[in-house]
Amino acid sequence: MKNLFFLFLPVLLFSCEARLENDVRALFKTRVVDVSGNPIANMKVTATTFRTSRFVLGQEFSKFSTADEDFLLGKGITNTNGDVEFMMLVDGGFFINFNSENYRANKIGVSRQELNNDLLLDIPETVLKETALVEIDFLNTSGATEEYDVAFDFESIDCGLIYRNDMLAQDEECLYYTNWSRGFNRTIDDGSFALNVFYPSVIDVVYTNTLGNESIRTFTITSPLERYEIPY
């Protein structure tokens, strides 16, 4: 099995190389602001062919080098007004990534068709959210012995935006990350969960025991680190 992996490895490396269109350049421009409409200055913005990890044969497969090195199509830095503009190579669909200390997970997926014949991608305004770690602990204060199922509905940092038909929208195919189901009270201390989310946002928590009794809690996330306790 080990030898088979190394035989497969060159194929993976070869398939990761860019397939650039000959002498084709596109212009990308946008204005980057926070949720209050304030410009975000000095933010690194890059266009890359892939995210920093891919799913190969159903498993997450980390890239061998960062997107800045071998998948970079173009890059720029926002000015004091939040504006950024740069020329980029063209290689089919691509991602626009926004990187800074507080906005490390924001990205936009763009298909090749959105460039049209004028090879221009002009997004008037891109609103970014910061990221938060939310810890949720279920505390057995009643001595309950039955098992529980819990579902979290939240705005995961693993979900990006999609630019389609001149509009930005949430990726509708990201239900795997935004609807997260787990169980607890099956073993000791299995009721602690940590979620990486964008904020400001809302987390809905629905938990049900084996008797069918359902409870719902909703939390509004407004800071980088929040912790909640849910007694049951």
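Which loop holds Asp166?

## Asp166

In this predicted model, Asp166 sits in the loop that connects strand E12 (161-164) with strand E13 (167-170). Asp166 is not a glycine, yet its phi is positive, near 65 degrees. Most residues other than glycine have a negative phi. Asp166 has a relative accessibility of 64% and therefore counts as exposed, the cut-off being over 50%.

## Asn116

Asn116 is part of the loop between strand E8 (106-110) and strand E9 (120-127). Because its relative accessibility is 48%, Asn116 counts as partly exposed.

## The Tyr199-Pro200 bond

The peptide bond between Tyr199 and Pro200 is cis, with omega about 5 degrees. Most peptide bonds are trans. Pro200 lies in the loop between strand E15 (192-199) and strand E16 (201-209).

## Strands E1 and E6

Strand E1 (residues 25-33) and strand E6 run antiparallel and are joined by seven bridges. In this pairing, Ala26 is the residue opposite Met88 of E6.

Which residues of strand E6 lie on its covered face, and which on its uncovered face? Val84, Phe86 and Met88 make up the covered face of E6 (residues 83-89). Asp83, Glu85, Met87 and Leu89 make up the uncovered face. In a regular strand, side chains alternate between the two faces of the sheet.

Technical notes: Residues numbered from 1 in each chain as written. Predicted model: local features only at pLDDT ≥ 70, side-chain atom pairs only at ≥ 80, totals over all residues. Heavy atoms only, no water. Buried < 20%, exposed > 50% of the residue type's maximum accessible area, 1.4 Å probe, protein only. Helix = DSSP H or I, 4+ residues; strand = E, 2+ residues; numbered from the N terminus. Pairing = 2+ DSSP bridges.
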